[in-house]
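Biologist: I would like to learn how to read the strands, sheets and confidence values of a model. Please take me through one.

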Amino acid sequence: MLSQRFTTILRTVSAVSARSVASSRSVLRHLPLPPPPPPSVTSRTILRSMPSIPFLGSFFSSSSSATKKEDMSFPDQRSDSEWRAVLNPEQFRVLREQGTERPFTGEYDKHFAEAGVYRCAGCQAPLYKATHKFKSGCGWPAYFDSLPGAVKRNVDNSLGMERTEIVCANCGGHLGHVFKGEGHPTPTDERHCVNSISIKFTPEDEAAAAKDSKA
Ligand SMILES: [Zn+2]
């Protein structure tokens with residue numbers, strides 16, 4: 001008797017719970033689908049699940065001009081039109097558009113002096129001492145070192161190879177490229193390969209040059 005009633009209670013409970021499950025299922029069936037996550041979340045999730053983020057990063061840093069603007073800031077911020085007013089077309093092409101003069105044609109390729117400085121042809125900042133110059137035979141003026149802080153380096157991936165561009169630290173004017181480890185008998189074994197048109201020699205003494213470079 002007791003057990004019979006208990007069974008009935010059990011049946012009722014299970015029937016109720018079955019009904020409630022059914023009803024909750026039907027409620028679920030009629031609920032609208034959950035909204036899709038916002039696109040930003042989706043792309044973030046995709047990025048997070050991508051195995052090689054550094055690879056993706058290389059896409060974003062492939063623009064050398066963007067990198068250059070980020071890494072390089074110069075005291076002399078003249079605009080292109082201001083530079084055109086003070087440079088001749090060939091100077092503008094080399095200094096402001098990363099051009100290169102033909103080898104063995106430049107004014108200073110075979111120029112050697114005991115003292116003096118080679119200044120930036122754009123902004124006149126002193127860059128190299130006469131005593132930094134050496135004979136490399138490459139067809140452009142070659143220096144094994146610059147005045148301290150006068151030249152900035154910048155990775156150049158043009159021409160399908162990685163080179164190190166050198167620019168005037170004051171105005172960003174393109175000077176040429178620097179090469180290391182070529183076996184030159186100099187204190188640095190570096191060759192600053194500079195376009196003659198990017199520089200201007202002034203035969204002043206070294207003390208004056210050093211003073212200028214600090215100013
Ligand atoms: Zn300069």
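This is a predicted model: local features need pLDDT of at least 70, side-chain atom pairs count only at pLDDT 80 or more; totals for chains, interfaces and linings use all residues.

Biologist: What is the mean pLDDT of the chain?

Modeller: pLDDT is the predictor's confidence in each residue, from 0 to 100. The chain has a mean of 77, and 61% of its residues reach 70 or more. Over residues 37–70 the pLDDT is below 50, and this stretch has five contacts in the model beyond near neighbours in sequence. A contact here means that the C-beta atoms of two residues, placed from the backbone, lie within 7 Å.

Biologist: How many helices and strands does the chain have?

Modeller: Both are DSSP runs numbered from the N terminus: helices are H or I with at least four residues, strands are E with at least two. The secondary structure comes to seven helices and nine strands.

Biologist: What is the order of the strands in the open sheet of three?

Modeller: Strands of a sheet pair through backbone hydrogen bonds, either parallel or antiparallel. Two strands count as paired if DSSP finds at least two bridges between them. The order is S2-S1-S9, with antiparallel pairing. Strand S2 (126–129) and strand S9 (199–202) are the edge strands, each pairing on one side only. Strand S1 (residues 117–120) is joined to S9 over four bridges, and the bridge partner of arginine 119 in S9 is lysine 200.

Biologist: Which strands are at the edges of the open sheet of six?

Modeller: This antiparallel sheet runs S3-S4-S8-S7-S6-S5. Its edges are strand S3 (133–134) and strand S5 (151–156). S5 pairs with strand S6 (residues 163–168) in the antiparallel sense over six bridges. Lysine 152 stands opposite valine 167 in S6.

Biologist: Where is glutamine 98, and why does it count as partly exposed?

Modeller: A residue is buried if 20 or more other C-beta atoms, placed from the backbone, lie within 10 Å of its own, exposed if 12 or fewer, and partly exposed in between. Glutamine 98 lies in the loop between helix H6 (89–95) and S1. It counts as partly exposed because it has 15 C-beta neighbours inside 10 Å. Its phi is near 55 degrees, a positive value in a residue other than glycine.

Biologist: What is phi for glutamine 124?

Modeller: Phi of glutamine 124 is near 75 degrees, again positive in a non-glycine residue. Glutamine 124 is found in the loop between S1 and S2.

Note on methods: Residues are numbered from 1 along each chain as its sequence is written.
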